[in-house]
Amino acid sequence: MHERRFVILFHEMPPDSGRPSHWDFMLETGEALATWALRHVPDVVVRQPCRRLADHRQRYLDYEGPVASAGGRVTQWDAGTYETLAENDHLWQARVSGGRLSGVVTFARQNDQRWTFSFSSASG
């Protein structure tokens with residue numbers, strides 16, 4: 001299996017944006033990063049609703065700082081490598097190995113943009 005990189009960024013939104021701050025979970029897919037927005041820290045709330053976002057540029061694997069168009073600021077929360085276990089239109093499952101998060105993450109599609117994120121730690 002080919003290991004690819006992942007990153008989780010805390011995306012702090014400007015107070016006047018009308019959108020809450022969130023965590024962007026990004027998986028390297030070759031040319032881009034498959035991205036989901038999580039409402040809560042992924043290791044504290046192990047099952048939570050999330051939203052699939054448009055793919056992001058690979059530069060976010062190593063980027064921290066302001067986001068264009070007054071989009072707030074991103075700070076790296078975790079990073080590492082992952083191995084795909086399952087991938088189709090309704091399910092994306094991967095074994096991640098990062099500084100904070102190690103185990104299996106699952107993104108399961110509910111409908112359109114609505115997904116569910118779940119995490120099972122490597123230690124059980």
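This briefing describes a pocket, the strands around it, the salt bridges and a few individual residues of one structure.

The structure is a predicted model, in which local features need pLDDT of at least 70 and side-chain atom pairs count only at pLDDT 80 or more, while totals for chains, interfaces and linings use all residues. Residues are numbered from 1 along each chain as its sequence is written, and side-chain values use heavy atoms, with hydrogens and water left out. Strands are DSSP runs (E, at least two residues), numbered from the N terminus.

**The largest pocket**

- The largest pocket has a volume of about 270 Å³, where a pocket is an open set of points on a 1 Å grid over the protein atoms alone, at which a 1.4 Å probe fits, with protein on both sides within 12 Å along at least five of seven lines. Its volume is the space filled by probe spheres set on the points, which are joined across faces, edges and corners.
- The lining, meaning residues with an atom within 4 Å of a point, includes Arg-19, Pro-20, Ser-21 and His-22, and also Gln-113 and Arg-114.
- Strands β3 (33-38) and β4 each supply at least two residues of this lining, and the largest share, 3 residues, comes from β4.
- By class, the lining has 5 nonpolar, 3 polar and 4 charged residues, with Ala, Val, Leu, Ile, Met, Phe, Trp, Tyr, Cys and Pro taken as nonpolar, Asp, Glu, Lys and Arg as charged, and the others, Gly among them, as polar.

**Strand pairing around β4**

- Strands β3 and β4 run antiparallel and are joined by 5 bridges, two strands being paired if DSSP finds at least two bridges between them. Leu-38 has Cys-50 in β4 as its bridge partner, and both Leu-38 and Cys-50 are among the residues that line the largest pocket.
- Strand β4 also pairs with β9 in the antiparallel sense, over 5 bridges.

**Ser-120 in β9**

- Ser-120 lies in strand β9 (residues 114-121) and counts as partly exposed at 37% relative accessibility, on a scale where buried means under 20% relative accessible area, exposed over 50% and partly exposed in between (1.4 Å probe, protein chains only).
- Leaving aside residues up to four places away in sequence, Ser-120 touches Ser-102, Gly-103 and Val-104, a contact being heavy atoms within 4.5 Å. Gly-103 is 17 residues from Ser-120 in sequence, yet their C-alpha atoms are 5.6 Å apart.

**Salt bridges**

- The count comes to 2 salt bridges, each defined as a side-chain nitrogen of Lys or Arg within 4 Å of a carboxyl oxygen of Asp or Glu.
- Asp-62 forms one with Arg-5, the closest N and O atoms being 2.6 Å apart. Asp-62 lies in the loop between β4 (47-56) and β5 (65-66) and Arg-5 in strand β1 (residues 4-12), so this pair ties together parts that are 57 residues apart in sequence. Asp-62 is exposed at 58%, whereas Arg-5 is partly exposed at 34%.
- Asp-55, partly exposed at 46% relative accessibility, meets the side chain of Arg-52 in a salt bridge with an N to O distance of 3.2 Å.

- Ser-69, in the loop between β5 and β6 (73-87), has a positive phi near 60 degrees although it is not a glycine, and is exposed with a relative accessible area of 75%.
- Ala-70, found in the loop between β5 and β6, has a positive phi of about 55 degrees and counts as exposed at 67% relative accessibility.

Note on methods:
Helices (H or I, at least four residues) and strands (E, at least two) are DSSP runs, numbered from the N terminus.
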